[in-house]
Amino acid sequence: KPDAITREVFALVEQHFASHPGYLADFAWPVTRSQALEALDTFVQERLARFGPHQDAMWTDTPWGWHALLSSSLNLHLISPAEVIAKAETAYRDQQLSGVDAATALASVEGFIRQILGWREFMRGMYWLDMPAMAEANHFNHHRRLPRWYWTGDTRMNCMRESIGQTLRYGFAHHIQRLMVTGQFGILAELLPQDVCAWYLAVYIDAIEWVELPNTAGMALFANGGRFTSKPYIASGQYIKRMSNYCDGCAYKPELRTGDKACPFTTLFWNFLDRHETTLLNNPRTVLMAKNISRLSDQERIALREHAARMLNNLDSL
């Protein structure tokens, strides 16, 4: 619950930044150490046990899922990575994670600890090692501007509408929403990496540059050419369909790559395979993906390119 200082900040924001994107009504993030410790206890007691099986799932009206919601507290130094890890490990060793079998409990705790110790701290090192080149990188030479609906969520793509709408309401989206929805669209739509990174920095409650930039420029957009990732993270709309219910009732069909109802993710995914076929065939982690494009006839490739070009030239209308 917002305290007195937080309510004072709300008043300042409403006075000076009323026209900016986002909302204040649902702000419920820890702003003190005691609140951060309470959030950590709640996660360990209520959600950690099932974090592993469900951490990648996306679902309407389920903004938090089984996630920790601790990243802003960590980045503000209200709690330390070491004490968060210790709390999760102790809960596992003392068999405090009820309602799941031992294998699920272990997978959940291991997956959570790896995200903090194995990835978050790795990102810290990469940021200090690679700046300022990381902020300037543009491996694919992408230069399309950010569509206007990134700031409003007003798009017919239900997955983007849900992910951006949630982001604007809560300042939060979990790692798959960021990597495989809003981030993946950035690389497939050939958006200028600096535009996408600036958007991430502006809209997320936990977006401090040292942790935001490596994840966005390096992982989601592959803008640094694979400096610390082995492949671009791309997929068709079928992936989003498998991982969510976002495709239900959407204006687009994830199984279609051309035509009026073709999913932009699917069209632009196949267009990316077509444009970068040689490079992808030479990467062991993408060779199977790239071989799929060879199944298309010349006529199908021409139709794909033409449809993708129309999409890319009219991103604001998607």
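Trainee: Is phenylalanine 228 buried or exposed in this model?
Mentor: Good place to begin, and keep in mind that this is a predicted model. The cut-off for buried is under 20% relative accessible area. Phenylalanine 228 has 13% relative accessibility, so this residue counts as buried.

Trainee: How many residues apart in sequence are the parts that phenylalanine 122 and phenylalanine 228 tie together?
Mentor: The two rings form an edge-to-face pair, with 6.0 Å centre to centre and 85° between the planes. Phenylalanine 122 belongs to helix H6, while phenylalanine 228 is in the loop between H11 and helix H12, so the parts they join are separated in sequence by 106 residues.

Trainee: And how does tryptophan 64 count by relative accessibility: buried, partly exposed or exposed?
Mentor: Tryptophan 64 pairs edge-to-face with tryptophan 29. With 9% relative accessibility, tryptophan 29 is buried. Tryptophan 64 comes out at 29%, so the term for this residue is partly exposed.

Trainee: Which helices do the buried residues of H10 pack against?
Mentor: Helix H10 covers residues 193-203, and its buried residues include Trp199 and Tyr200. Ring pairs also place Trp199 and Tyr200 in a cluster with Trp149, Tyr150, Phe185, Tyr204 and Phe265. The helices that the buried residues of H10 pack against are H8, H9 and H11.

Trainee: Which ring does the charged end of arginine 124 sit over?
Mentor: For a charge over a ring, CZ of Arg has to be within 6 Å of the ring centre. The charged end of arginine 124 is 4.3 Å from the centre of its ring, and that ring belongs to tryptophan 210.

Note on methods
Residues are numbered from 1 along each chain as its sequence is written. This is a predicted model: local features need pLDDT of at least 70, side-chain atom pairs count only at pLDDT 80 or more; totals for chains, interfaces and linings use all residues. Side-chain values use heavy atoms; hydrogens and water are left out. Buried means under 20% relative accessible area, exposed over 50%, partly exposed in between (1.4 Å probe, protein chains only). Helices (H or I, at least four residues) and strands (E, at least two) are DSSP runs, numbered from the N terminus. Contact means heavy atoms within 4.5 Å. Rings of Phe, Tyr and Trp (its six-membered ring) pair if their centres lie within 6.5 Å; planes under 30 degrees apart count as stacked, over 60 as edge-to-face and the rest as tilted. A charge sits over a ring if NZ of Lys or CZ of Arg is within 6 Å of the ring centre and within 35 degrees of the ring normal.
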